[in-house]
Amino acid sequence: MGNDGSAVMTDHELNQFIEHVRCQTGINLDASKRYLLESRLGPILQQFTITYSELLKVVSVTNSVENQALISAITTNETYFFRDEHPFNLLKYRLIPDLLGKNESAVVKIASAACSSGQEAYSITMVLKEILFDLAKFRVQIQAFDISDDIIVAASRGEYSKFEVERGLSDEKIRSYFDCNDGRYQVKPELRSIVSFSKQNILKPVGMIAKYNIVFCRNVVNYFGFKDRSLLFDNLADMLLPGGVLVIGATEFIDDKLGRFVKKSDKGSVYYKKVN
Ligand SMILES: C[S@@+](CC[C@H](N)C(=O)[O-])C[C@H]1O[C@@H](n2cnc3c(N)ncnc32)[C@H](O)[C@@H]1O
């Protein structure tokens, strides 16, 4: 026990947690993150009344509630509506017109990978609403996923606080796209109807996962180590249809050696077109 009564993690346990988190999520922590691990795992020890060594045993069962709690505690879910803005202009003025310009009945599939609490996916629905007007007339679908159970449940509700909607949205957008009840703001059913949320680890082989025209996977790769970054971009290439487009975060980049994308830019945003 530490002086404040909190549990102290041994160096061996620290290294085991670091390895476990990397294997489960790709998130690359090092020993300097002891404080972060202790502060995020401490509440789990209290919740399940267990020690670090007991926690290490139970999290080895991937589907255990303790492991899900650990993943939710370790992941950083920072996000907001229309984050970085430019990718949404790219979508609005270039990508969607290119896909639907010649054939309005084309199926358009968009993924929001590592979607956190859903603001990115719902921002995409707002862009679509602004250019297509009647979403029911088009065959546009958004599939959003994240590794954290808790965050997927929150995202599916599509319900936000005043603070959350005011981060990135004008008053006009809030009025147009949300129903407000008791100070909570829920995304309108028309927008929610074209998004589905599920739990998915983006580092696992994509297998039967649907193929997308566009994948947004932003502000997650920087948490991964070198090997997992290559694995991630290979998976994302596998998820895309030929010629599909990947949009990553403003501070993220893909190593040219991967050879599966060509880098392009338009409307102030960099994007990557799948070439093989
Ligand atoms: C910082 S948020 C980014 C959210 C959103 N994409 C954005 O740019 O605003 C990172 C998200 O990545 C998720 N994540 C981390 N590792 C993941 C993995 N291996 N598979 C799927 N999601 C993952 C976290 O749970 C978290 O919600």
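1. Helix 2 and helix 4. Helix 2 (34–48) and helix 4 (residues 65–74) are roughly antiparallel to each other, because angles over 145 degrees count as roughly antiparallel, under 35 as roughly parallel, 65 to 115 as roughly perpendicular and the rest as oblique. Their axes come within 9 Å and cross at roughly 155 degrees. Axes here are lines fitted to C-alpha atoms, for helices over the stretch in contact, and angles run from 0 to 180 degrees between N-to-C directions. The crossing of the two helices is right-handed; that term applies if the near helix is turned clockwise from the far one by less than a right angle, and left-handed if anticlockwise. Helix 2 contributes Arg40, Leu41, Ile44, Gln47 and Phe48 to the contact, and helix 4 contributes Glu66, Ala69, Leu70, Ala73 and Ile74. Two residues are in contact if their C-beta atoms, placed from the backbone, lie within 7 Å. Helices (H or I, at least four residues) and strands (E, at least two) are DSSP runs, numbered from the N terminus.

2. Basis of the model. This is a predicted model: local features need pLDDT of at least 70, side-chain atom pairs count only at pLDDT 80 or more, and totals for chains, interfaces and linings use all residues. Residues are numbered from 1 along each chain as its sequence is written.

3. An open sheet of seven strands has the order 6-2-1-7-8-10-9. Its pairing is mixed. Two strands pair if DSSP finds at least two bridges between them. Strand 6 (195–199) and strand 9 (261–266) are the edge strands, and each pairs on one side only. Neighbouring strands of this sheet are turned by 25 degrees against each other on average, direction ignored.

4. Strand 1 and its partners. Strand 1 (residues 107–113) has five buried residues out of seven. A residue is buried if 20 or more other C-beta atoms lie within 10 Å of its own, exposed if 12 or fewer, and partly exposed in between, with C-beta atoms placed from the backbone. Strand 1 pairs with strand 2 (residues 139–146) in the parallel sense, over seven bridges. Valine 108 has valine 140 of strand 2 as its bridge partner. The chain goes from strand 1 through helix 6 (residues 119–132) to strand 2, and this β-α-β crossover is right-handed. That means the path from the first strand over the helix to the second runs clockwise, with the strands pointing away from the viewer. Strand 1 also pairs with strand 7 (residues 212–216), in the parallel sense over three bridges. There, serine 112 has phenylalanine 216 as its bridge partner.

5. Isoleucine 110 has isoleucine 142 of strand 2 as its bridge partner. Helix 6 packs on the sheet and touches strand 1, strand 2, strand 6 and strand 7. Its direction makes about 165 degrees with that of strand 2. Helix 7 (residues 149–157) lies across strand 2 and strand 6, running at about 165 degrees to strand 6.

6. Two positive phi values. Most residues other than glycine have a negative phi. Threonine 49 is not a glycine, yet has a positive phi of about 50 degrees. This threonine 49 is found in the loop between helix 2 and helix 3 (52–59). Threonine 49 is exposed, because 7 other C-beta atoms lie within 10 Å. Alanine 114 also has a positive phi, near 60 degrees. Its place is in the loop between strand 1 and helix 6. Alanine 114 is buried, because 27 other C-beta atoms lie within 10 Å.

7. Arginine 218. This residue is in the loop between strand 7 and helix 11 (226–239). Arginine 218 is buried, with 23 other C-beta atoms within 10 Å. Leaving aside neighbours within four places in sequence, arginine 218 is in contact with Glu120, Val247, Ile248 and Gly249. Arginine 218 and alanine 113 are 105 residues apart along the chain, but their C-alpha atoms are separated by 7.6 Å.

8. Three strands form an open sheet in the order 3-5-4, with antiparallel pairing. Strand 3 (159–160) and strand 4 (178–181) stand at the edges with a single partner strand each, so one side of each has no neighbour in the sheet. Two bridges join strand 3 to strand 5 (residues 184–187). Tyrosine 160 stands opposite tyrosine 185 in strand 5.
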